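Please look over the sequence and the fold before reading on.

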Amino acid sequence: MLDDKPLVSINNLRVQFETNDGVVVGVNDISFDIRPGECVCVVGESGSGKSVSSLALMRLVEFGGGQIAGGQLMFDRGDGAPVDLGRQGSGVMRDIRGNQIGMIFQEPMTALNPVFTIGDQLAEGLIVHRGLSRAQARARALEILKQVRIPEPERRLDQYPHELSGGMRQRVVIAMAMACQPRLLICDEPTTALDVTIQAEILALIDRLKRENNMAVLFITHDMAVVAQMADRVVVMFRGNKVEEGPVAQIFETPREDYTKMLLAAVPRLGEMRGKPAPEPMRLMRDAGAAPRPIIVADPKPLLTVRNLCTRFEVKGGILRRTVARVHAVEDVSFTLNGGETLSLVGESGCGKSTCGRSILRLVEPESGTIDLDGTDIRALSAAALRRARRDMQMIFQDPFASLDPHMKLFDQVAEPMLNFGIGSRSEREDRIAALFDRVELPRHFMRRYPHEMSGGQRQRIAIARALALNPKLIIADEAVSALDVSVQAQVLNLLMELQQELGISMLFISHDMAVVERVSHHVAVMYLGRIVEIGTRAQVFENPQHSYTRQLMSAVPVADPRQKKISEDLNFRPIPSPIHPVGHRPAPSVYAEVAPGHKVLIDPVTHG
């Protein structure tokens, strides 16, 4: 039963930023309440003011150059006399932050301190706010790491952030926010970097804590399926203004505003492609005219053939830093990708998807196996020959900000690959870059801008333009749309599929978003613990999943329908086997059963080597 008295009341909040071009209003006159035991989801595209609202509530917006220019931020500290957070001193705010209001930040790498261990960072808030001894704080830190399902939590306490995968870092940030059992939990895109199974469990964990502790939750996300699963009420924002607010069922079933309808139309839904022979771009509300054409390759021929690929990393220990174990990141992986088609690799973080993509490009050196790209043995190439071969294979990385040079203008970033390979004269390069900007639907005057002046979606388009600059045969897209808003994600996916149709590019699409994978793929390979456990056409894998892990992935996908809530009452945490094995360990080869022509399933006793 929800409390009638609000825990938080945001009244007519206005936040502005001083810039060289004058005052920019980040949030303009928004108001809403959050009650104890209630989850309010704030949705909208990047730049709509979602995160600014939450940072204002924590009074962190001031550290980013923002200023609370008007309104009230009333918060009930538990004594029945609400205080206006906008007018509190730094000492009071220090006591509230991390103690009564917890926050899960969007970017886990910047939210964690790179020079402190995970254990120290988790213990800090418990020692400061709860007065625990160092030993008690460490025991509690271990307990909350187990709650957020981190494998080998005892080892993680003494590790540093850079030693963990993105998904694991995000779970550490979630554990830190929940450590002191706050009255209000602010979640800013907390599951963006997580796979569906872990996302489902984290959402269930937040939901359980909300119910058990009568905790209020302010949940900021662009994933409408997560909104449908988590929200009691929804606030829709656009360009700093509140567009619409209402109960979750009303927003999904009878949205009043066109913007809300557009957001809902851009959500890829699992099952939409059932019965369709090939991937096809999404029909967006802004698109008029002809229906999207399916991407059918008339006579598909193999372009990339990978056989028995193994990539392992050494774990060093002791004073002499000897190799004490090996991480079996990619274990006996084989697949074929046809020219002009898309093969998707799906699975949880740490399953080896990204390492597999990087091994194919030899950004990570594989230990064994063969990689054949259009008749060229990639593993046999010398450094100079490999550099030449990279013209044919390009990568779009997960984080576009990290993959772009902050000191270079966008024109120079797209021109760099052509300069490296001596392609064209200056005027020819300028014409080609202008055409690429048109192709990725960015205005030509953006060429003179720097990466920090662009939104996440625009930066990802630059990364795509740069990958296309050399007319590659193969593009490896590593979680290329996972950090984008739903409407921008739909546009970028459509762009990739249209480019594939026009240029005949092959794509290895690495993702954990099953609905996106269903939309873009010709073939799908499901990875678990470094091995492919099931591979086949999109229809075979999605409409007739055979492996228990594939079925588990499908069942964990959140549905963009508030009447089909999948958040389980009970958290059945599945222990994650470790991919780390002793130095002399010799895993058995992968053995597959062919359940239909081209549809192969791993025979299970071998799965764990």
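## Residues with positive phi

D332 lies in strand β12 (residues 322–338). Helices (H or I, at least four residues) and strands (E, at least two) are DSSP runs, numbered from the N terminus. This is a predicted model: local features need pLDDT of at least 70, side-chain atom pairs count only at pLDDT 80 or more, and totals for chains, interfaces and linings use all residues. Residues are numbered from 1 along each chain as its sequence is written, and side-chain values use heavy atoms, with hydrogens and water left out.

Most residues other than glycine have a negative phi. D332 is not a glycine, yet its phi is positive, about 60 degrees. E441 is not a glycine either, and its phi is also positive, about 60 degrees. E441 sits in the loop between α16 (426–439) and α17 (456–468).

Buried means under 20% relative accessible area, exposed over 50%, and partly exposed in between (1.4 Å probe, protein chains only).

| Residue | Relative accessible area | Class |
|---|---|---|
| D332 | 11% | buried |
| E441 | 44% | partly exposed |
| R256 | 51% | exposed |

## R256

R256 is in the loop between α10 (248–253) and α11 (258–265). Leaving aside neighbours within four places in sequence, R256 contacts E244, E245, Q250 and K261. Contact means heavy atoms within 4.5 Å. M454 is 198 residues away along the chain from R256, and their C-alpha atoms are 31 Å apart.

## Helix α8

Helix α8 (residues 196–213) has 18 residues. From first C-alpha to last, α8 reaches 25 Å, close to the expected 26 Å. That expected span is 1.5 Å times one less than the number of residues. Of the 18 residues in α8, 13 are buried. N214 follows α8 and has a positive phi, near 55 degrees.

## The α4–α5 pair

How do the axes of α4 (residues 118–130) and α5 (residues 134–147) cross, and within what distance do they come? They come within 8 Å and cross at roughly 115 degrees. Axes are lines fitted to C-alpha atoms, for helices over the stretch in contact, and angles run from 0 to 180 degrees between N-to-C directions. The two helices, α4 and α5, are therefore roughly perpendicular (65 to 115 degrees). From α4, the contact uses I118, D120, L122, A123, L126 and I127. From α5, it uses R134, A137, R140, A141, I144 and L145. These residues divide into nine nonpolar, no polar and three charged. Ala, Val, Leu, Ile, Met, Phe, Trp, Tyr, Cys and Pro count as nonpolar, Asp, Glu, Lys and Arg as charged, and the others, Gly among them, as polar.

How values were computed. Parallel < 35°, antiparallel > 145°, perpendicular 65-115°, else oblique.
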